[in-house]
Amino acid sequence: MLEPALTQQLKTYLAMTTEPVVLVPSPGADHRSEQMMELLGEIEAAGDRVSIADPVPDDRTPSFAITRPGTDISVRFAGLPMGHEFNSLVLALLQVGGVPVKQDAALLDAVRGLKGHHEFTTYMSLTCQNCPTVVQALNAMSVVNPNIRHTAVEGGAFQDEINEHGIQSVPAIYLDGQEWGSGRMTMADILEKLDASAAAQAAEDLSERDPYDVLVVGSGPAGAAAAVYAARKGIRTAMVGERIGGQVLDTEAIENLISVPQTTGPKLGAALAAHVAAYDVDAIERQHATELIPAGEDGLTGVRFNGGELRAKAVVLATGARWRQLGVPGEQKYKTKGVTYCPHCDGPLFKGQDVAVVGGGNSGIEAAIDLAGVTGHVTGGRVHGQPQGRRRAAGHPALAAQCRRRHLRPVDPGGRGRLPRHRAGVPGPQHRRAAHHPGARDLRPDRPAAQHRVARGGGEPHQARRDHRQHPRRHLGSRRLRGWRLHHPALQADHHFDGFGSHRRARRLRPHHPLGERRRDPGEGLLSRLSRSCGELKV
């Protein structure tokens, strides 16, 4: 089952145990049960303090329990905990074998103080990157408090049970047979949901702590690096953040970290936590900074968090960034499962596939350009009033743009003169005030030039030209708009810009129908409005 290198690592880890560990199997008569027994045999051979007991019946086969003789401590796995869950298996062996659980002391005291018996079941997938966080937290809680029992069920081995419960995403957490939670949860999250009063006791009052020499606000890669550098100099250091690893924990695969060909966000986060723990750093999690307090007469700068206030001689701000959210249904459910936020990190994962980029400014167009060389097809959604991004799209040879344009019309400033009226006879003032173009700009419908007519003769073209002279940037003929119009051959192929041949003719274009016919229905959803504003960037 295990490769030689992995077996050697397992021997090294199991040498750290201080208590005997007994593996209690519950096999069936299938091939998967044979694999489980083979795995348990290799674990027994790798550890001097590990032994296998006689098989016992259980409702789920194959499964096995990791126990400590003479105690009620027991952690159970149903199926084969390989893939991402192999780390959970090794941690369970170590913790049952006497290796201390690495968590905040106050949090562990709160777990020990939980009353009553709690039977947890976690349905997980061997390829899920969020499942190990839940499995390892509940396993550790069951070691700290034997009144808590936990079984990690491999969904692929118990598909009938998955179908019976109607589980469609993992990790799915059940408590005493009832659905209790889902998604990534830490020990503190579980404790807070299980017993709010215990969680309140676990939250120390930060204000009672003595001032630090260096206080690092943020616990992502930058914060961890700052904390390690400070601690190596013998400086009293604290690192405070919501979770060690930060936003990187939500990344499925990382392939652009120099010297590390491939890793995952949770693995990198665990490595950061281990590196920080190797030094004398007070790592405080589940805290959100709300205010920076300037130094007073004592020379100490304060930072206020949701759990109190900390002071230090120097404060390092390593708060990182947040992904911008659309707030549409399904966004959180499919985060890291198709909804991603970094084309550099995650783009290669979608090689040859069709992708969509939401955003048409510089960042959105940069993402589309990056993805154009990797994916099969890129659909770009643009935002009003971002000509710089559109210019960049038009200047990229790999992107044949069919980007729709919303044409602008002049508005009479201060009521001077008569405005051109619409061909359908609807007065210009009825076209005003598009939601995203305040002031003196009105949107016109998306129409290629071949479907417009040029007004000739009469007072209206003269009036339009006069308005343009007074407000040159409010008309189609302005240089700001012309800058991204016809400078790329890919654009010329998909647009009929016959009427845009000259600055003078471009000023006189008239649409065929009033803007009122294109007003948004208040009942439209965000996604439908967004899709209507999107063009296609073909690769």
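## Basis of the model

This is a predicted model, in which local features need pLDDT of at least 70 and side-chain atom pairs count only at pLDDT 80 or more, while totals for chains, interfaces and linings use all residues. Residues are numbered from 1 along each chain as its sequence is written, and side-chain values use heavy atoms, with hydrogens and water left out.

## The chain as a whole

The chain has 18 helices and 22 strands, where helices (H or I, at least four residues) and strands (E, at least two) are DSSP runs numbered from the N terminus. Of the 539 residues in the chain, 46% are buried; here buried means under 20% relative accessible area, exposed over 50%, and partly exposed in between, with a 1.4 Å probe and protein chains only. The chain exposes about 27,300 Å², of which carbon and sulfur atoms supply 50%, the areas coming from the Shrake-Rupley method with a 1.4 Å probe and, for residues, with only the protein chains shown counting as cover.

Among contacts between residues at least 6 apart in sequence, 70% join residues at least 24 apart, a contact being heavy atoms within 4.5 Å. A search of the whole structure finds zero disulfides, a disulfide being defined as a pair of cysteine sulfur atoms within 2.5 Å.

An open sheet of eight strands has the order β2-β1-β3-β4-β6-β5-β7-β8, with mixed pairing, where two strands pair if DSSP finds at least two bridges between them. Strands β2 (50–52) and β8 (178–182) stand at the edges with a single partner strand each, so one side of each is left without a neighbour in the sheet. From one strand to the next the twist averages 25 degrees; for such angles, axes are lines fitted to C-alpha atoms, for helices over the stretch in contact, and values run from 0 to 180 degrees between N-to-C directions.

Within this order, strand β5 (residues 118–124) and strand β6 (residues 148–154) pair in the parallel sense over seven bridges, and the bridge partner of Met124 in β6 is Glu154. Helix α3 (residues 86–96) packs on the sheet by touching β1 (21–26), β3 (63–67) and β4 (74–78), and its direction makes about 35 degrees with that of β3. Helix α7 (residues 187–194) also packs on the sheet, where it touches β5, β7 (172–175) and β8, and its direction makes about 135 degrees with that of β8.

## The sheet of six strands

An open sheet of six strands has the order β11-β10-β9-β14-β13-β12, again with mixed pairing. Its edges are β11 (281–284) and β12 (289–293), each with a single partner strand, so one side of each is left without a neighbour in the sheet. The twist averages 40 degrees from one strand to the next. Helix α9 (residues 221–232) packs on this sheet, touching β9, β10, β11 and β14, with its direction at about 170 degrees to that of β10.

Strand β9 (residues 212–217) runs parallel to strand β14 (residues 308–317), and five bridges join them; the bridge partner of Val214 in β14 is Ala314. Five bridges also join strand β13 (residues 301–305) to β14, in this case antiparallel, with Val303 opposite Leu310, and these two strands form a hairpin with two residues between them. Strand β10 (residues 237–240) and β11 pair in the parallel sense over four bridges, and Ala238 stands opposite Asp282 in β11.

Ser142 lies in helix α5 (residues 131–144) and is buried, with a relative accessible area of 0%. The side chain of Ser142 reaches the backbone oxygen of Asn139 at 2.6 Å. Not counting residues up to four places away in sequence, Ser142 touches Ser74, Val75, Ile148, Arg149 and His150.

Val56 is placed in the loop between β2 and β3 and counts as partly exposed, at 34% relative accessibility. Leaving aside neighbours within four places in sequence, Val56 is in contact with Val24, Pro25 and Ser26. Val56 and Val24 are 32 residues apart in sequence, and their C-alpha atoms are 7.1 Å apart in space.

Technical notes. A polar contact is a pair of N or O atoms within 3.5 Å; within protein, one must be able to donate a hydrogen and the other to accept it, and residues adjacent in sequence count only if both atoms are side-chain atoms.
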